[in-house]
Amino acid sequence: MISGQVIAITGASSGIGRATALCLAECGAKVVLGARHEDGLARLKEEITAAGGQAVYRVTDVSRREDLQSLVGLAQQSFGRLDVLFSNAGAMPIGPFDDLAVDDWETMVDVNIKGVLFGIAAALPVFRRQDSGHFIHTASAAARKTVPNQVVYAATKAAVLAISDGLRQELAGHIRVSTILPGFTDTAFSEHVRNPELKEQLQKAGAKFAMSPEAVARAVAYVLEQPEGVNIGEVTLRSKAQP
Ligand SMILES: NC(=O)c1ccc[n+]([C@@H]2O[C@H](COP(=O)([O-])OP(=O)(O)OC[C@H]3O[C@@H](n4cnc5c(N)ncnc54)[C@H](OP(=O)(O)O)[C@@H]3O)[C@@H](O)[C@H]2O)c1
């Protein structure tokens, strides 16, 4: 039952996070939006409230531990609790090792891995006090299939998968943990790829087989619609066209 749940979403300003916020708010969730760019968050909040939903936002950089604490605090101040943390923010400046884009490797580790861990650190004490809660993490189909030019990205997403499954086991009986593994999705992610050939390749592949971010949002809704006693561990989804 999604209606009435307080759901914090990181990476809410665009792509999968944005589509999920809209989808869950439409189902009656109270959404707490986080990302670095305030303009995208403010527009999304306006869109949700204009449609009769409830949303608040706070500028959040998931690579900063205190920002996640603040986002979780906003959920509690605004709505009295936190039911779900959807740690979805991700950085994807992929490229071949030969580019030696070491700063990008560091960004992917900081956002994709530490961002998830800092979310756990912020929300776990709240979930423990409530004796209920649900962590949902966005990994990637790349977590299971490493391909050239995406190795550091795939490694961070494999880490998300490992963290999520271990967390699920430690929290079993009290708090649910689920991971979403999307395939190619039509979002802004390829804009952040610096390597020009790779960027072109990705854009061509995207035109052939990317699925919509709304498809991923529906998978998140499916995970949340399960009865209280059921924990969906992992959902992998791709467009029908993606090999
Ligand atoms: N698109 C795909 O094909 C695909 C496939 C599998 C998995 N994924 C995963 O899906 C998730 C969402 O990505 P997307 O495809 O929707 O791409 P996107 O449209 O580029 O969205 C990425 C989101 O993450 C936020 N973000 C980036 N760095 C952040 C930081 N340091 N702190 C807080 N927020 C940050 C961005 O907002 P700001 O810039 O405003 O901070 C944005 O809202 C990511 O975890 C990605 O790895 C994507």
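Predicted model: local features only at pLDDT ≥ 70, side-chain atom pairs only at ≥ 80, totals over all residues.
Visitor: How many of the six residues of E2 are buried?
Guide: Strand E2 spans residues 30-35, and buried here means a relative accessible area under 20%. The strand is mostly covered, and the number of its six residues that are buried is five.

Visitor: What is the bridge partner of Val32 in E3?
Guide: Besides its pairing with E1 over five bridges, strand E2 also pairs with E3, in the parallel sense and over six bridges. For Val32, the bridge partner in E3 is Val56.

Visitor: Which strands are the edge strands of the sheet?
Guide: The sheet is open and is formed by seven strands with parallel pairing, in the order E3-E2-E1-E4-E5-E6-E7. An edge strand of this sheet pairs on one side only, and this holds for strand E3 (54-59) and strand E7 (234-237).

Visitor: What angle does the direction of helix H1 make with that of E1?
Guide: Helix H1, made of residues 15-26, packs on the sheet and touches E1, E2, strand E4 (84-87) and strand E6 (176-182). Comparing the direction of H1 with that of E1 gives an angle of about 165°.

Visitor: At what angle does helix H2 run to E3?
Guide: Helix H2, which takes in residues 38-50, lies across E2 and E3. The angle at which H2 runs to E3 is about 175°.

Visitor: Which helix gives the largest share of the lining of the largest cavity?
Guide: Rolling a probe the size of a water molecule over the atoms shows where empty space is left. A search of the whole structure finds one cavity of 30 Å³ or more, and the volume of the largest cavity is about 40 Å³. Its lining is formed by Thr10, Val62, Ser87, Asn88, Ala89, Val111, Gly115 and Val116, and divides into four nonpolar, four polar and no charged residues. The largest share, three residues, comes from residues 102-130, which form helix H4.

Visitor: How many charged residues are in the lining of the second largest pocket?
Guide: The second largest pocket holds about 150 Å³ of space, and its lining includes Arg168, His174, Glu228 and Asn231. By class, this lining has three nonpolar and four polar residues, and the number of charged residues is three.

Visitor: Is Gly73 buried or exposed?
Guide: Gly73 is found in helix H3, which consists of residues 65-79. Its relative accessible area is 15%, and because the cut-off for this class is under 20%, Gly73 counts as buried.

Visitor: Which class of accessibility does Asp131 count as?
Guide: Asp131 lies in the loop between H4 and strand E5 (134-138), and although Asp131 is not a glycine, it has a positive phi of about 55°. Its relative accessibility is 44%, which falls between the limits of 20% and 50%, so Asp131 counts as partly exposed.

Visitor: What value is the phi of Asn149 near?
Guide: Asn149 is found in the loop between E5 and helix H5 (151-171), where, at 26% relative accessibility, Asn149 counts as partly exposed. Its phi is positive in a residue other than glycine, and the value is near 75°.

Visitor: What distance separates the C-alpha atoms of Ala215 and Leu161?
Guide: Ala215 is found in helix H7, residues 213-224, and counts as buried at 18% relative accessibility. Along the chain, Ala215 and Leu161 are 54 residues apart, and their C-alpha atoms are separated by 20 Å.

How values were computed
Residues numbered from 1 in each chain as written. Heavy atoms only, no water. 1 Å grid on protein atoms, 1.4 Å probe; cavity = no way out; pocket = protein on both sides within 12 Å on 5 of 7 lines; lining within 4 Å. Points joined across faces, edges and corners; volume = space filled by probe spheres on them. Helix = DSSP H or I, 4+ residues; strand = E, 2+ residues; numbered from the N terminus. Nonpolar A, V, L, I, M, F, W, Y, C, P; charged D, E, K, R; others polar. Pairing = 2+ DSSP bridges. Contact = heavy atoms within 4.5 Å. Axes fitted to C-alpha atoms, helices over the stretch in contact; angles between N-to-C directions. Buried < 20%, exposed > 50% of the residue type's maximum accessible area, 1.4 Å probe, protein only.
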